[in-house]
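Have the sequence and the 3D view open as you read.

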Amino acid sequence: SSRFSADTTVAELVDWWLESVARHQVRPSTFDSYRRFGGYLADDIGTLRVVDIDAEVVIDWQSSQLDSYAPLTVLNSRKVARQAFAQAARLGLIRANPFDLVRAPKAKRVNPGRALSSAEAKALIVAAQQFRLGPAVTLLFCQGWRVSEVLGLAWEDLDLEAGTAHVRRAAAYTRSLGMVLGPTKTSSASGVHFLAPVSVEHLHRARQQQAEDRHRIEGAWPTYTYDGAQLSMVFTTASGHIAGRQSVLNTIERAAKAAGIDPAGLGTHTGRRTVITALYADGGVDLADIARHVGHTSPATTAEYVKRLGNRPIATARRAAELLDPTVSNASI
C-alpha cells in the first residue's frame, strides 16, 4: 500500500521527495539548496494537507513569500514545490499539480559579469603564485574551469608530462557535510583537458608545496573516495582537507590587490568569463570550439559569457562589404 494518504501534509511530501527522489538526481551542493528552499515551503504551508492545496493557496503562498524574500528565492522555492507536487500527481495522490495553474513570479538573476582583459589575467596569475592556492587561480583564469572542477581535481587525474588533466568530478560545499565530491555540473565538462604551459608549471609547484605539507603534519594525509577510487586531492588546506571556494576567492582578491587590479566584482567565475571573452574577442576562436574547451553543453551558453567583442564587429562588416557591396572592390578593403 502507498505511504501516502489524504492526510499527508505538504511537509511530509516535500521531505519524502527530497530524500527519495531529489537526493539521487542532483549534486550534493544543489541538494543542500533544495532542502533550504523546501524549508521555506514547509514553514509556511507545511502543515496543510497536500489534497487541500489548490491554485488559490499557491497564489496566497507566493504572495506571502514575496513579502519576505527576494523574487529569485521564491522562484527557487516554487521550483522545489512544483517538482514534489508533480511526483504526488504521478503517484495518484492528487489529480493535477496546482503549481502548474499559477504563473511563476518574475525574477532576474543579478550577474555583474565582469571579465578581465588578457593583460590583467596574466598579471593576476603571476601575482597569485605568492599564495597557497595560486595554482588554482591559474586554472580558473587560464583554463576557464569552474571552481568546483578545480577543487575536485586529484593528482590521479593529471599527466603533467603530457600536459593533460582528466576532469572527472567536482567539489562543492554543503552545510551538512562541508566540502564533498560529486559529479561535474554538466557531462560536457568531463573529459581530458589540455593544459597551458603555465598551468603545468604551477601544478608542479603545487605538488612540491603539498609534499612539504605532508612532511610537516603528524598522522596520515587525508584521502577521499569517489566512484570507488581512492583519491589524493590537488588543492587542499595545509592539513590535507579539500580547500573551499571561499579560500580561492580570497586568493583572487589578494592577488588582484597585489597586481594593482580593482578587486570589486571579482569572483571565481570571473576566470571563466575572462577566458571565453579573450578567446572570442581577441583570439577569433569559434564559439563552438570555445564551448568544447571550457565544457559547455551548448555554444549558446558560451555566448552569454562574452563581455566584449573586440574587433569582430568591424571585421565582420568589412567582410560583408567585400562580399556584397557592389561599390567596394576587394583591393580597397
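## A loop asparagine

The side chain of N97 comes within 2.9 Å of the backbone oxygen of R82. This is a predicted model, so please read each distance as a computed value.

Where does N97 sit? Its place is the loop that runs between helix 4 (71-90) and helix 5 (118-128). Is N97 buried or exposed? With a relative accessible area of 7%, N97 is buried, because the cut-off for buried is under 20%. Setting aside neighbours within four places in sequence, N97 is in contact with R82, F85 and A86.

## The largest pocket

Now to the pockets. The largest pocket has a volume of about 1500 Å³. Its lining counts 38 residues, and R27, S29, T30, S33 and K185 are the closest to the centre.

Which element gives the largest share of this lining? Helix 2 does, with seven residues. Among the elements that supply at least two residues each are helix 4, strand 3 (170-174) and helix 9 (245-258). By class, the lining of the largest pocket holds 13 nonpolar, 15 polar and ten charged residues.

## The second largest pocket

The second largest pocket has a volume of about 190 Å³. Helix 5, helix 6 (134-143) and helix 10 are the elements that give two or more residues to its lining, and helix 5 provides the largest share, four residues.

Residues to look for in this lining include S118, K122, F141, V198 and T274. By class, the lining of the second largest pocket has seven nonpolar, two polar and one charged residues.

Notes. Residues numbered from 1 in each chain as written. Predicted model: local features only at pLDDT ≥ 70, side-chain atom pairs only at ≥ 80, totals over all residues. Heavy atoms only, no water. Buried < 20%, exposed > 50% of the residue type's maximum accessible area, 1.4 Å probe, protein only. Polar contact = N/O pair within 3.5 Å; in protein donor to acceptor, adjacent residues only side chain to side chain. Contact = heavy atoms within 4.5 Å. 1 Å grid on protein atoms, 1.4 Å probe; cavity = no way out; pocket = protein on both sides within 12 Å on 5 of 7 lines; lining within 4 Å. Points joined across faces, edges and corners; volume = space filled by probe spheres on them. Nonpolar A, V, L, I, M, F, W, Y, C, P; charged D, E, K, R; others polar.
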